[in-house]
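Welcome, and please open your viewer. We will walk through this model one selection at a time.

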Amino acid sequence: MRPALVIGIGNPSRGDDALGHCVLEALEMLETRPDTAVDCLPVFQLQPEHALDLVGRPGVLIVDAARAEHAPGVQLKRLQPGRDASWTSHALSPAALLQLCLDLHAGTPQAVPPVWLLSVAGDRFELGEALTAGAEARLVEAVERARQWCRDVSAGILHG
């Protein structure tokens, strides 16, 4: 089986949108124990091809910045598959990516892992901005939640 996967979504050039990538960078720097090894995948947006990256893993964590008014603080939730109303061939929501993976592996649903979304509230997403002070504070909690998720999935605590 492949190791767990953490996907960090965002654009490092757009202020708090960099939060997904920042969590990955912190995980990669802190990863020292082989029993919590994970693959990290930084992306600007989820694309249909990423459905193949999910297959055969014990779990997948998707980390993304969200507008504070839509997802305050740091939230971790198990994703349910779902279709996007505006599905295109260029970008997918996390739920639509999971749905696509299930569609591709309908005959072998056990190949599709459970997927969680770690949403981190962001305040500013303008081009050329740095992380805001609020986002930096939430980043500390997000990294700890992601590290705990990695430990739990490696220990087999998180189940579908």
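## Start in strand β5

Select β5 (residues 115-122): this strand is mostly covered, with eight of its eight residues buried. Buried means under 20% relative accessible area, exposed over 50% and partly exposed in between, with a 1.4 Å probe and protein chains only. Helices (H or I, at least four residues) and strands (E, at least two) are DSSP runs, numbered from the N terminus.

Before going on, note that this is a predicted model, where local features need pLDDT of at least 70, side-chain atom pairs count only at pLDDT 80 or more, and totals for chains, interfaces and linings use all residues. Residues are numbered from 1 along each chain as its sequence is written, and side-chain values use heavy atoms, with hydrogens and water left out.

Now show the side chains of β5. In a regular strand the side chains alternate between the two faces of the sheet. Here Val-115, Leu-117, Ser-119 and Ala-121 point one way, while Trp-116, Leu-118, Val-120 and Gly-122 point the other way.

Next, select β3 (60-67). Eight bridges join β3 to β5, and the two run parallel; look for Ala-66 opposite Ala-121 in β5. Leu-76 stands opposite Leu-118 in β5.

Which order do the five strands follow in the open sheet? The order is β2-β1-β3-β5-β4, with mixed pairing; two strands pair if DSSP finds at least two bridges between them. β2 (38-43) and β4 (74-78) are at the edges with a single partner strand each, so one side of each has no neighbour in the sheet.

Select α1 (residues 19-30). Its buried residues, among them Leu-19, His-21 and Leu-27, pack against β1, β2, β3, β5 and α4. Contact means heavy atoms within 4.5 Å.

Move to α3 (residues 94-104), whose buried residues include Pro-94, Leu-97 and Cys-101. The buried residues of this helix pack against α2 (51-54), β3 and β5.

For a last stop, zoom in on Gln-99 in α3. Is Gln-99 buried or exposed? Gln-99 is buried, because its relative accessible area is 15%. Leaving aside residues up to four places away in sequence, Gln-99 touches Pro-81, Gly-82 and Arg-83.

Definitions and conventions. Axes are lines fitted to C-alpha atoms, for helices over the stretch in contact, and angles run from 0 to 180 degrees between N-to-C directions. The expected span of a helix is 1.5 Å times one less than its number of residues.
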